[in-house]
Every structure is written in structure tokens, then in C-alpha cells.
Amino acid sequence: MTLRFPVFVLTAGLFLGGVVQGNVALAQESNVAKVFRVTPVRPVAELMKEALAAEPPVQKEGLRVPDLVDLASLSPDFRFDVRYATTRNFLGTPVYSSSHAFLERPAAEALVRVLGALRAQGYGLLIYDAYRPWYVTKLFWDATPADKHHYVANPQPGSMHNRGCAVDLTLYDLRTGEPVSMPSGYDEMTERAWSDYPGGTPAERAAREVLKKAMMAEGFLLIPEEWWHFDYKDWALYPVQNVRFEEIGKSSG
Ligand SMILES: [Zn+2]
């Protein structure tokens, strides 16, 4: 998701496998496995059908020709937990037809350089999400209750993920292969997700800083609302796309 103007809301859902009670900190438990949920306003299958049939916003002329690259093809040190291809996401149902993470080529190559810098510090990158077809952004918007719309990207004009220029990710420990605990879980709709949230453990905050610093050094921009989300600096040069994972690279466009 892309958060906008976040408000501290815990009534929106629950953490599975975690503990959420009001705004009390989550004890010392790792945030890695937590999954935040909202109740879709209508059945997701119904909304998916509508989203697939909908027309994405018209793009302006002169944008770059998309060149989406599968991150898995670039380095064995990328790991993947594409939760939108599973039930472990905020809608509780798969919204991607397969587990893939594509980025526009310059962003993907920058991410490989981030990986190189982190390797020296003992970390790899675990990718949660990258390019997202526009219909999924529309589905997220339509499924999310109106009072929570500030947590999801508006399909008009579309999101950075739709442009193949945003990535959701975290660190994993190269020795153990385990994700590193951060001050919040992924896709958590609370203030703990803010990139400068002062809570969590010192180790969690330090890990968040390591990620931030490595990403920003290679042209990725952080957003205040989500520590795991980064926009690539050249996002405005790329169009919103609606191509499905399975169709990427099959046509000339
Ligand atoms: Zn994101």
C-alpha cells in the first residue's frame, strides 16, 4: 500500500500472530511475521472483476518506454516474500496471479548496487512488492473502507508501484537468512510504520536506519508514512502500467 496522511488507527484490523492492544508497544516480539488486515467493503472476487475491466488513467506523451526487469534475474541475494500473491496481506486473499517483483531497469540496477553495499554489513534485501499492475491499485482502493482511503493509493492518478518505480522491502541477515525485525510489521497501518517513528527497540530503529541510508545513497526516496516503501527518483519519467506479470516482456511494449 501507499499511505497518505496516516492516522493512528488500530480498530481497522488485527495482527495475526501478534498482539495489538490500543497503542501499547508490541512487547519485545519480532514484527517480522505480523500481517495487518482490513475487512473488504465488498467481496474481493467481485471487485477484482470490475478492476480488471476498468480503464487506467490516460498517460501524458513523451514518457519512457517501460522496461520492467524481474529482480530475481539480477542477483541471487534478493529474497522474496511477495505477500500480495498469498493470503498474508491486508485483504487476506491473493491479489497477484503469481509471485514476481519487477522494477524499471534503472531502478532495478540501483537496487542491485544497494544490495552490494549492504552485503558488506551482513545484510541482504527481502522484497515484499515492486511493480504493481494498475488494476490491483484500483482493487485496493475499492476494497478499503472509505474512512481508511488515506492508507491506499488513489487509482487516479495511480501509484509509484504502477510505474515500476517503487519497491517495498526489508533487510535479512545473510548468516541466518532471517528477516530483520523493524519497528513495525510490513503494511501496518499505524504510526509505528512511519519512517521516523521513535519507538520500537534500539536494534529495530538501527536496522531501519541501515536500510534507509543504503537506499537513499542509490537514488531511492523514502516516504514519511512507511519505512519499507521507497520511490525511485526518476519515477515521473515512467507511465502507469496495467500489464499483468505474465504478460511482461511478451509484447514489444
Ligand atoms: Zn509501497
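User: Which side chain has a polar contact of 2.5 Å with that of Asp187?
Analyst: The side chain of Tyr84 does, where a polar contact is a pair of N or O atoms within 3.5 Å, one able to donate a hydrogen and the other to accept it, with residues adjacent in sequence counted only if both atoms are side-chain atoms. Please keep in mind that this is a predicted model, in which local features need pLDDT of at least 70 and side-chain atom pairs count only at pLDDT 80 or more, while totals for chains, interfaces and linings use all residues. Residues are numbered from 1 along each chain as its sequence is written, and side-chain values use heavy atoms, with hydrogens and water left out.

User: Is Asp187 buried or exposed?
Analyst: Asp187 is buried, with a relative accessible area of 4%, since buried means under 20%, exposed over 50% and partly exposed in between, using a 1.4 Å probe and protein chains only.

User: What is phi of Asp187 near?
Analyst: Phi of Asp187 is near 60 degrees, which is a positive value in a residue other than glycine.

User: Switching topic, which residues coordinate the zinc ion?
Analyst: The zinc ion is coordinated by His161 through NE2, Asp168 through OD and His229 through ND1, at 2.0 to 2.1 Å, and donors here are N, O and S atoms within 2.8 Å of the metal, or 3.2 Å for Na, K and Ca, with water not among the atoms, so sites may look incomplete.

User: How are those donor residues spaced in sequence?
Analyst: Their spacing is H-x6-D-x60-H; His161 is buried at 0% relative accessibility, and Asp168 is buried at 0% as well.

User: Which peptide bond is cis?
Analyst: The bond from Gln156 to Pro157 is cis, with omega near 20 degrees.
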